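Hi,

Here is the structure I promised to pass on to you. Have a look at it first, and my notes follow below.

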Amino acid sequence: YSSPRIHVVSHQVPADSFAQIVQVNVFLPADYQSTDKRLPSVYINDGQDADAVALAETLQKLYDDQKIRPIIVIAVSMLPDRMATYGFSDRKAKQSLPAETRYGSVGLRAHDYSEWLSESLVPFIDAQYRTIAKPESRAILGWSLGAANAFNIGWNYIHIQHHLLNMM
């Protein structure tokens with residue numbers, strides 16, 4: 001017996017403050033098209049690494065083993081300047097909180113990225129897919145700098161992202 005496979009839909013989403021288009025891959029459970037059920041969503045920073053971390057295969061195994069209920073996973077590819085994009089910000093002050101590291105400045109554009117993901121990408125996904133459009137039905141995760149930014153979004157945008165999943 002072979003169960004139906006994960007379906008991946010690719011989008012090119014404008015990020016106006018960066019004057020760039022961002023690759024976003026949406027991983028849908030196999031039965032998504034055959035039901036009208038709304039699903040929780042999980043956003044993933046560093047989505048370009050979905051193949052490297054076997055995201056589709058892992059989701060499929062979790063579904064096959066009935067370890068998780070169906071979800072919509074949104075893998076957001078990083079922008080070209082990863083060190084500037086991911087990091088911390090102060091939403092109220094509308095500014096990034098860059099950190100100086102031995103590798104250079106980190107998070108110079110963290111506010112812009114966090115605003116784009118929370119205020120542009122989330123509504124885009126909610127309009128395109130049958131998400132449960134409530135903060136308690138959304139999560140965000142990442143690894144390394146992507147995890148730092150996931151924490152930042154969860155902390156500053158609680159009205160958008162309710163849960164934090166950090167994978168260091």
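Let me start with the inside. This is a predicted model, and its largest nonpolar core has 28 residues, of which I74, V76, Y113, W116, L117 and L121 touch the most other members. At least two residues of this core come from each of β1 (7–15), β2 (20–28), β4 (72–76), α3 (110–128) and α4. Helix α3 gives the largest share, with 6 residues. In soluble globular proteins, nonpolar side chains tend to be buried together.

Setting aside neighbours within four places in sequence, L117 is in contact with Y43, N45, V76, V122, I140 and I153. Another core, of 13 residues, lies apart from the largest one, and Y63, A75, A139 and L141 are among its members.

Next, a charged residue. D46 sits in the loop between β3 (41–45) and α1 (55–64). Is D46 buried or exposed? D46 has a relative accessible area of 1%, and because buried means under 20%, D46 counts as buried. Not counting residues up to four places away in sequence, D46 touches V76, M78, R82, Y86, W143 and G146.

Finally, the surface. F88, L97, F151 and W155 make a nonpolar patch of about 430 Å². W155 belongs to helix α4 (residues 145–156) and is exposed, with a relative accessible area of 65%.

Best wishes

Technical notes
Residues are numbered from 1 along each chain as its sequence is written. This is a predicted model: local features need pLDDT of at least 70, side-chain atom pairs count only at pLDDT 80 or more; totals for chains, interfaces and linings use all residues. Side-chain values use heavy atoms; hydrogens and water are left out. Patches are made of residues with over 30% relative accessible area and no salt bridge: like charges are joined within 9 Å, nonpolar side chains (Val, Leu, Ile, Met, Phe, Trp, Tyr) within 5 Å. Accessible areas come from the Shrake-Rupley method with a 1.4 Å probe; for residues, only the protein chains shown count as cover. A salt bridge is a side-chain nitrogen of Lys or Arg within 4 Å of a carboxyl oxygen of Asp or Glu. Helices (H or I, at least four residues) and strands (E, at least two) are DSSP runs, numbered from the N terminus. Buried means under 20% relative accessible area, exposed over 50%, partly exposed in between (1.4 Å probe, protein chains only). A nonpolar core is a set of buried Ala, Val, Leu, Ile, Met, Phe, Trp, Tyr and Cys residues joined through side-chain atoms within 4.5 Å. Contact means heavy atoms within 4.5 Å.
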